[in-house]
Amino acid sequence: MAGIYIHIPFCKQACFYCDFHFSTSLKRKEEMLQAILTELQLRKNELEGKLIETIYFGGGTPSLLTSEEIAAIFTVIYSNYTVIESPEITLEANPDDLSESKIIKLSNSPINRLSIGIQSFFEDDLQFMNRAHTAEESKKCLSVAMRYFDNITIDLIYGVPNMSNKKWKENLKIAFDFGVPHISSYALTVEKNTALHNFIIKGKVPPVNEQQALEHFNILVSETEKQGFVHYEISNFGKPAYFSKHNTSYWLGKKYVGIGPSAHSFNGKQRSWNIANNAKYIKSINSNILPLEFEELSINNRFNEYIMTGLRTIWGIDLDKIEEDFGKIYLNELIKNSQQFIEKGLIKLTLENKLVTTNKGKFLADGIASDLFKV
């Protein structure tokens, strides 16, 4: 089984915290779409013999695509790849793009899962982030989308300066009241070369408060649990049967091909990524040259990736798999190095011989993983 990721590199405006690759000019949208269709055809052999079980439209803002443009992409995918009968097909969307007529058109397409970038249900937070939608649009689009789509996930950001615990709980309550079956929730992070980073340096905005973010995370974990969500990955909470199959395939190390500028791919042993420049990407594809860079994953790279993803998910690190894939030396070193975290109650060894993070350790998972890496 494998997946296809399609990067749509356009947005109406730049969110202050975002460092993804996108352009706010739609001038070359038609050329870009044509290049994406060409790249899909050029790379069909990479997943030969593999069944496609997930297709994911990310970005950028894929909801800027028209129904006709989405249909053109599906035509090329279905004529060049072997797609299973009921794949999970996700489209990321912003509330301001989701009018009722747009939602109806999407529901009549092969897309069966919407990922809506709500971020907050409060106007002041949205203005702070420079989001293109309003709080009212968030609620309106969600109430309509829930009528036409069964499988919906929303994004929410916590750790926003001046967001009280009470306000964060209210954000979650609104999401629960709508009945969304999946929530992806991230701490506000300050990436270099973003407007937010610049504002903090200049003292226009207070720096992110780590303690506040931790409190918000703990509230998120406890409130979602009360509502029957499973915390199956550090940032992801799903009702049973509503986990993201596409993202789960990344964490479980399945193969996928990434189409579009800056998109990443993985074939089991090697990672590759497209150039993060729209003009150069289009020019290269028009010459039938894939604008890819490659990284061969060493045994240490593969071990470290497995440790990182394992500790972030409910599936944990399978010690039997470690021995089988990497050998006794890696296994013994991992057991020795993990002892300190077991003693601190941050990770535990299960009866199935797996290392998993405890509730106390979840927020620290990335830091724990880096201490367990093979350098």
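**Salt bridges, cores and a helix pair**

The structure holds 16 salt bridges, a salt bridge being a side-chain nitrogen of Lys or Arg within 4 Å of a carboxyl oxygen of Asp or Glu. This is a predicted model, in which local features need pLDDT of at least 70, side-chain atom pairs count only at pLDDT 80 or more, and totals for chains, interfaces and linings use all residues. Residues are numbered from 1 along each chain as its sequence is written, and side-chain values use heavy atoms, with hydrogens and water left out.

pLDDT is the predictor's confidence in each residue, from 0 to 100. Its mean over the protein is 93, and 97% of the residues reach 70 or more. Helices (H or I, at least four residues) and strands (E, at least two) are DSSP runs, numbered from the N terminus. Where pLDDT is low, the predicted coordinates should not be read in detail.

Side chains of opposite charge can pair when their charged atoms come close. Arginine 312 forms a salt bridge with glutamate 233, with the closest N and O atoms 2.8 Å apart. Because arginine 312 lies in helix α11 (residues 299-312) and glutamate 233 in strand β7 (residues 230-233), the pair ties together parts that are 79 residues apart in sequence. Glutamate 233 is buried, at a relative accessible area of 3%; buried means under 20% relative accessible area, exposed over 50%, and partly exposed in between (1.4 Å probe, protein chains only).

Which residue forms a salt bridge with lysine 226? The partner is glutamate 223, and the closest N and O atoms are 2.9 Å apart. Lysine 226 is exposed, at 62%, whereas glutamate 223 is buried, at 18%. Arginine 28 pairs with glutamate 31 through a salt bridge whose closest N and O atoms are 3.0 Å apart. Arginine 28 is partly exposed, with 33% relative accessibility, and glutamate 31 is also partly exposed, with 36%. Elsewhere, a network of salt bridges links Glu39, Arg43 and Glu46.

Next come the cores. A nonpolar core is a set of buried Ala, Val, Leu, Ile, Met, Phe, Trp, Tyr and Cys residues joined through side-chain atoms within 4.5 Å. The largest has 70 residues, and Ile4, Ile6, Leu114, Ile116 and Ile154 touch the most other members. Helix α1 (residues 29-42) gives the most to this core, with 6 residues. A second, separate core of 18 residues includes Phe326, Leu331, Phe341 and Leu372.

Isoleucine 154 has several contacts beyond its neighbours within four places in sequence, among them Ile116, Phe121, Leu142, Val180 and His182; contact means heavy atoms within 4.5 Å.

How do helices α12 and α13 pack? Helix α12 (residues 319-326) meets helix α13 (residues 328-343) at an angle of about 145°, and their axes are 7 Å apart. Axes are lines fitted to C-alpha atoms, for helices over the stretch in contact, and angles run from 0 to 180 degrees between N-to-C directions. Leu319, Ile322, Glu323 and Phe326 of α12 make the contact with Lys328, Tyr330, Leu331, Leu334 and Ile335 of α13. These residues divide into 7 nonpolar, no polar and 2 charged. Here Ala, Val, Leu, Ile, Met, Phe, Trp, Tyr, Cys and Pro count as nonpolar, Asp, Glu, Lys and Arg as charged, and the others, Gly among them, as polar.
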